[in-house]
Amino acid sequence: MAHRRHGRQRDPRDRLTGRTPRHAPSAAREQKDHHMSKIAIIGLGIMGLPMAKNLVAAGHEVTGFNRSQAPIDALVAAGGQGASSIADAVHDADVVITMVPDSPDVEGVVRGEGGVFANAKPGALWIDNSSIRPDVAKELAEEAVAAGFGAVDAPVSGGEQGAIGGVLSIMVGGSEADFAKALPVLEGIGKTIVHVGPAGAGQTVKAANQLIVAVNIQALAEAVVFLEAFGVDTDAALQVLGGGLAGSKVLDQKGQKMLNRDFAPGFRLALHNKDLGIVTAAARQAGISVPLGSAVAQLVTSLVARGDGALDHSGLFKLTAELAGRE
């Protein structure tokens with residue numbers, strides 16, 4: 001299967017020259033210019049609400065549903081519409097987006113008499129932007145297709161700021177045809193959009209993403225504790241580290257939060273704990289070891305177990321500092 005980024009294939013020569021590929025707009029991109037969709041989005045949380053607002057700004061007709069009313073009101077204030085139920089939100093939608101915390105939440109939203117599959121119109125496209133188990137994503141996609149819908153699993157990375165800025169990285173699993181249909185919508189919320197394989201593949205890549213992010217956050221936390229122990233100017237240290245091989249988006253986005261001890265959630269530890277559970281379970285199923293990931297998963301679980309699950313995942317710093325006797 002060809003892997004596509006924004007619907008375009010990269011010329012192998014570009015990897016040698018470093019040139020940015022320039023091709024004619026894809027059919028999906030041209031479609032975006034001429035057709036705006038009716039979109040229902042289920043789940044208006046830290047990520048879902050700014051995503052919905054960006055889809056409104058992109059010109060789509062967006063209807064949102066959430067278990068609490070305040071985010072619905074915020075969407076309406078931004079030019080969207082509110083719904084009183086899932087069925088109310090999806091009945092006339094061309095595209096249904098789900099953005100909820102975990103596998104059981106997605107199952108609860110799409111299945112049953114009041115769910116998406118029972119109430120969306122035939123031929124609608126279901127995009128799941130949640131981060132869930134790959135096997136559940138594949139199973140639900142098969143149910144969606146059997147019910148007459150298109151389906152892609154399209155988990156996102158970039159945190160709250162990426163959602164607000166509309167620059168999320170989106171890894172998409174599903175058929176080529178459904179990816180092409182989803183692309184004009186996904187371009188309203190993301191910057192890097194890559195078709196990574198069949199149903200469930202998006203969630204597999206997202207699990208790998210969460211593994212990399214967790215290990216990086218832990219390494220950054222240890223580095224900050226190390227620097228502070230020697231009385232180094234940590235602002236200056238992170239600035240120069242960010243310009244070298246140690247630089248990363250994790251350092252850019254989480255370093256200052258650690259220095260300030262500001263762990264207001266952009267992505268909660270409880271959710272990263274869930275994601276690392278997906279990683280470790282999938283690794284066991286595949287018969288492979290993820291030693292660093294497993295160790296960090298235990299640290300995250302410890303923080304959640306003691307009541308810190310609502311903190312940003314940069315809150316890993318708290319436990320790291322305590323283990324070092326620095327807090």
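A salt bridge is taken here as a side-chain nitrogen of Lys or Arg within 4 Å of a carboxyl oxygen of Asp or Glu. In this predicted model, 13 salt bridges are counted by that rule.

Several of these pairs may be described individually. Aspartate 135 and arginine 133 form a salt bridge through their side chains, with an N to O distance of 2.6 Å. Aspartate 135 counts as partly exposed because its relative accessibility is 39%, a value that falls between the limits of 20% for buried and 50% for exposed residues. Arginine 133 is likewise classed as partly exposed, at 39% relative accessibility.

A second salt bridge joins the side chains of arginine 261 and glutamate 228, at 2.8 Å from N to O. This pair connects distant parts of the chain, its members being 33 residues apart: arginine 261 is located in the loop between helix H13 (249–260) and helix H14 (269–286), whereas glutamate 228 belongs to helix H11 (residues 201–229). With a relative accessibility of 33%, arginine 261 is partly exposed. Glutamate 228 is also partly exposed, its relative accessible area being 23%.

A further salt bridge, again 2.8 Å from N to O, is made by the side chains of aspartate 275 and lysine 274. Both aspartate 275 and lysine 274 are buried.

The largest nonpolar core comprises 31 residues, and the most contacts inside it are made by Val62, Ile97, Ile127, Ile170, Val172 and Leu186. At least two residues of this core come from each of the following elements: strands E2 (38–42), E5 (95–98), E6 (125–128) and E9 (168–173), together with helices H3 (48–57), H4 (69–77) and H10 (176–186). When residues up to four places away in sequence are left aside, leucine 186 is in contact with Ile127, Asn129, Ala154, Ile170, Val172 and Ile193. Another core, which lies apart from the largest one, contains 26 residues, including Ala40, Val106, Val116 and Phe149.

Nonpolar side chains also occur at the surface. Phe226, Phe230 and Val232 make a nonpolar surface patch of about 350 Å². Of these residues, phenylalanine 226 is situated in helix H11. Phenylalanine 226 is classed as exposed because its relative accessible area is 55%, the cut-off for this class being over 50%.

Conventions. Residues are numbered from 1 along each chain as its sequence is written. This is a predicted model: local features need pLDDT of at least 70, side-chain atom pairs count only at pLDDT 80 or more; totals for chains, interfaces and linings use all residues. Side-chain values use heavy atoms; hydrogens and water are left out. Buried means under 20% relative accessible area, exposed over 50%, partly exposed in between (1.4 Å probe, protein chains only). Helices (H or I, at least four residues) and strands (E, at least two) are DSSP runs, numbered from the N terminus. A nonpolar core is a set of buried Ala, Val, Leu, Ile, Met, Phe, Trp, Tyr and Cys residues joined through side-chain atoms within 4.5 Å. Contact means heavy atoms within 4.5 Å. Patches are made of residues with over 30% relative accessible area and no salt bridge: like charges are joined within 9 Å, nonpolar side chains (Val, Leu, Ile, Met, Phe, Trp, Tyr) within 5 Å. Accessible areas come from the Shrake-Rupley method with a 1.4 Å probe; for residues, only the protein chains shown count as cover.
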